[in-house]
Amino acid sequence: MAAMQSDAQSPSDLIDGRIAELADWRGETLARVRALIKEADPDVVEEWKWRGVPVWEHDGILCTGETYKAVVKMTFAKGASLEDPAGLFNSSLDGNTRRAIDFREGEAIREEALKALIRAAVALNQSSRAKKKA
């Protein structure tokens with residue numbers, strides 16, 4: 001249903017709708033992750049792609065927020081190129097580009113470490129963009 005309404009609704013409205021429709025720990029987790037992304041990067045742009053995936057961008061894709069039965073998956077588009085001193089990445093570790101964090105029910109979010117990782121993703125996107133312009 002959301003896909004049919006996407007022309008009339010902003011990506012932020014669609015993400016609000018996803019959080020509301022989940023109505024469980026996954027919605028709460030997605031809402032918290034979203035808030036942390038916005039705290040880490042107030043200039044982040046919210047998008048809605050691939051038939052219903054929340055996406056956060058700043059000079060390119062930073063990360064996505066996918067929801068599954070057992071996890072909320074935060075996939076960083078260029079995660080393999082990011083330093084992860086806190087060891088947050090726990091999924092999609094074999095790829096050459098992406099890395100992900102799977103949040104499970106009841107797990108605490110290491111908020112400061114996550115915000116540092118988001119800021120690092122922004123910096124990487126900005127440096128990549130600057131190199132392309134040069």
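# Briefing: a helix-and-strand chain and its nonpolar core

Leu114 is in contact with Leu36, Met74, Phe76, Leu88, Ile101, Phe103 and Ile109, when residues up to four places away in sequence are not counted. The model is a predicted one. Leu114 is also one of the residues that touch the most other members of the largest nonpolar core.

**The chain as a whole**

- The protein chain contains 4 helices and 5 strands, and their order along the sequence is α-α-α-β-β-β-β-β-α.
- A compact globule of 134 residues would have a radius of gyration near 14 Å, and the 15 Å of this chain agrees with that value.
- Along the principal axes, the C-alpha atoms fill a box of roughly 40 × 35 × 25 Å.
- Of the 134 residues, 42% count as buried.
- Among contacts between residues at least 6 apart in sequence, 49% join residues at least 24 apart.

**The largest nonpolar core**

- In soluble globular proteins, nonpolar side chains tend to be buried together.
- The largest nonpolar core here has 29 residues, and the members touching the most others are Ile37, Met74, Phe76, Ile101, Phe103 and Leu114.
- Two or more residues of this core come from each of α2 (11-22), α3 (25-40), β3 (61-67), β4 (71-76), β5 (99-104) and α4 (111-133).
- Which element gives the most to this core? The answer is α3, with 6 residues.

**Strands β4 and β5**

- Strands β4 and β5 run antiparallel and are joined by 6 bridges.
- Within this pairing, Met74 has Ile101 of β5 as its bridge partner. Both Met74 and Ile101 are among the core residues that touch the most other members, and both are touched by Leu114.
- How many of the 6 residues of β5 are buried? The number is 5, and the strand is mostly covered.
- In a regular strand the side chains alternate between the two faces of the sheet.

**Helix α4**

- Helix α4 has 23 residues and spans 33 Å from its first C-alpha to its last, close to the 33 Å expected at 1.5 Å a residue.
- Its buried residues are Leu114, Lys115, Leu117, Ile118, Ala121, Val122 and Asn125.
- The elements that cover these buried residues include α3, β3, β4 and β5.

**Charged pairs**

- Side chains of opposite charge can pair when their charged atoms come close.
- The count of salt bridges in this model comes to 12.
- One of them joins the side chains of Arg32 and Glu111, at 2.9 Å from N to O. Arg32 lies in helix α3 and Glu111 in helix α4, so this pair ties together parts that are 79 residues apart in sequence.
- Arg32 is partly exposed, with a relative accessible area of 29%, and Glu111 also counts as partly exposed, at 30%.
- Another salt bridge joins the side chains of Lys49 and Glu57, at 2.7 Å from N to O. Lys49 is partly exposed, at 26% relative accessible area, whereas Glu57 counts as buried, at 16%. Buried means under 20% relative accessible area, which is why Glu57 falls on the buried side of the cut-off.
- A further salt bridge joins Arg104 and Asp102, at 4.0 Å from N to O. Here Arg104 counts as partly exposed, at 38% relative accessibility, whereas Asp102 counts as buried, at 8%.
- Salt bridges with shared partners join Arg32, Glu39, Glu111, Glu112 and Lys115 into one network.

**Asp84, a loop residue**

- Where does Asp84 lie? Asp84 is found in the loop between β4 and β5.
- Asp84 is partly exposed, with a relative accessible area of 22%.
- Asp84 is in contact with Phe89 and Leu117, when residues up to four places away in sequence are not counted.
- Asp84 and Gly65 are 19 residues apart in sequence, and their C-alpha atoms are 19 Å apart in space.

Notes
Residues are numbered from 1 along each chain as its sequence is written. This is a predicted model: local features need pLDDT of at least 70, side-chain atom pairs count only at pLDDT 80 or more; totals for chains, interfaces and linings use all residues. Side-chain values use heavy atoms; hydrogens and water are left out. A nonpolar core is a set of buried Ala, Val, Leu, Ile, Met, Phe, Trp, Tyr and Cys residues joined through side-chain atoms within 4.5 Å. Buried means under 20% relative accessible area, exposed over 50%, partly exposed in between (1.4 Å probe, protein chains only). Contact means heavy atoms within 4.5 Å. Two strands pair if DSSP finds at least two bridges between them. The expected span of a helix is 1.5 Å times one less than its number of residues. The radius of gyration is taken over C-alpha atoms; the globule rule is 2.2 Å times the number of residues to the power 0.38.
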